[in-house]
Amino acid sequence: MANDPINLSFDNLEVAFASKTNAQLRKTYWLFAAMNNTGLMNFGTSAMQTALNWRLPINGLVKATIFEQFCGGEDINECQKTVDELGKFNIGTILDYSVEGEKSEAGFDATMREIMATIDKAATSKHIPFSVFKVTGVGNFDLLAKVQEAKNMTDADLKAFDRVRNRVQTICAYAAKHKVRIFIDAEESWIQQPIDQLADEMMAEFNREEAIVYNTYQFYRWATLPTLQQAVFEAKSKGYQVGAKLVRGAYMEKERARAAANKYADPIQPNKKASDEDYDKGVLFCLENLDTVAFCAGTHNENSSLQLAAEMKKRGIAPNNPRVFFAQLLGMSDNISYNLAKAGYNVAKYVPYGPVAAVMPYLMRRAQENTSIAGQSSREFSLITRERERRKIQ
Ligand SMILES: Cc1cc2nc3c(=O)[nH]c(=O)nc-3n(C[C@H](O)[C@H](O)[C@H](O)COP(=O)(O)OP(=O)(O)OC[C@H]3O[C@@H](n4cnc5c(N)ncnc54)[C@H](O)[C@@H]3O)c2cc1C
């Protein structure tokens, strides 16, 4: 990767926290201080889960604290404030309907309609560059696992998978009709094959002129780089565009545990360095094939983001080239998002939304991610602490 000096730094905290008043920064500081405290976090998460199970009225408390930090609202309309706020700083919003664990056919249909509503919203807002969905939002997880295993499929299973394909197709057709680019998120390796298959079918159908459908490639899997290369090779030979969201991957512990328990080869890279190297190779590969690939670097890694910016400069690719995007999650890595946007790069944030109780699993993951590890403060907490000191506020 290039090491050209570029006029970009993620250390500029004034830019990173420009959207926050002193009062907001103070509140964020206390929230991250609480999450950073491992003991308090463990107690807090189990207490919240218990309170929710017992249907105690804690929605207001959750909404005013952790929900406000990481989510845009309970529905699309409530997210408008976040869309406008990010938009002021040239950061796009990706409305992410974050309700998990749907099981019924009626629920899958309802989720499909909700994703279509996010497409409607994106089509009329210049600050919403992408929509997104998970295939497990519109289809049963166990069914997808069965499809991947390709055995014991009953007639009912085949019909159910046809319905999943129809929902995915309906969403992608709607996105194409409205010219809204759409990400298909990547999930666990034991259901990812049918997800990749559906994504490839959708790209072949809807990416004839431009990349509308984006599949997600997880570089913590050692098999991913060849998968991406194969997808681009296929697209070139058949004359369509590949949309690619590049991530490292979110399910490492679960993946390793399942592989060990079921005695199959671990699909995850041997170490972090190998994931980092393949991620950066994936980014380079996309840049080298920019005639066929449009991509989004979904990462909070400063090095990967800086290297991509440097490589774009080296290749004479304008920061605002519509084929290259950077994306982070709302409430995380604002130092990356705001500094990239200020320097003219295309940046967007996932803005999760949904009823408070339904997005709890998502919020718990964010909270866990922000606890201190081996006595070391979380990165977000360190950044906020530094900004608080810089502003000299208590
Ligand atoms: C906009 C956006 C969209 C996303 N979409 C998806 C998605 O669709 N599917 C999905 O799975 N994830 C998704 N993620 C999450 C992402 O995969 C990562 O979990 C998260 O961003 C942390 O990785 P990082 O690149 O930010 O940086 P880092 O903090 O540098 O990397 C952490 C990641 O490195 C990998 N890693 C850590 N330790 C090891 C090890 N010992 N061996 C091998 N690998 C290791 C893991 O993937 C870990 O999450 C998304 C993230 C963003 C910002």
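The model is predicted, so local features need pLDDT of at least 70 and side-chain atom pairs count only at pLDDT 80 or more, while totals for chains, interfaces and linings use all residues. Residues are numbered from 1 along each chain as its sequence is written, and side-chain values use heavy atoms, with hydrogens and water left out.

**The barrel**

- Look for 8 strands that close into a barrel in the order β1-β2-β3-β4-β5-β6-β7-β8, with parallel pairing.
- From one strand to the next, the twist averages 30°.
- Strands here are DSSP runs of E with at least two residues, helices are runs of H or I with at least four, and both are numbered from the N terminus.
- Two strands pair if DSSP finds at least two bridges between them.
- One example is β3 (residues 181-184), which runs parallel to β4 (residues 213-218) and is joined to β4 by 2 bridges.
- In this pair, Ile182 stands opposite Val213 in β4.

**Two packed helices**

- Two packed helices are described by the angle between their axes and the distance between the axes.
- For α2 and α17 (residues 379-391), the angle is about 145° and the axes are 9 Å apart.
- Axes are lines fitted to C-alpha atoms, for helices over the stretch in contact, and angles run from 0 to 180 degrees between N-to-C directions.
- On the α2 side, the residues that meet α17 include Leu25, Tyr29, Trp30 and Phe32, and their partners in α17 include Phe381, Ile384 and Arg388.
- Contact means heavy atoms within 4.5 Å.
- The residues of this contact divide into 7 nonpolar, 4 polar and 4 charged.

- On a 1 Å grid over the protein atoms alone, a cavity is a set of points where a 1.4 Å probe fits but cannot get out; a pocket is an open set with protein on both sides within 12 Å along at least five of seven lines, and lining residues have an atom within 4 Å of a point.
- Grid points are joined across faces, edges and corners, and a volume is the space filled by probe spheres set on the points.
- The second largest pocket holds about 760 Å³ of space.
- Of the 25 residues lining this pocket, Lys20, Gln24, Glu68, Lys81 and Thr82 lie nearest its centre.
- Helix α4 gives the most to this lining, with 6 residues.
- The count comes to 1 cavity of 30 Å³ or more.
- Among the residues lining the largest cavity are Lys20, Thr28, Glu380 and Ile384.

Notes: Ala, Val, Leu, Ile, Met, Phe, Trp, Tyr, Cys and Pro count as nonpolar, Asp, Glu, Lys and Arg as charged, and the others, Gly among them, as polar.
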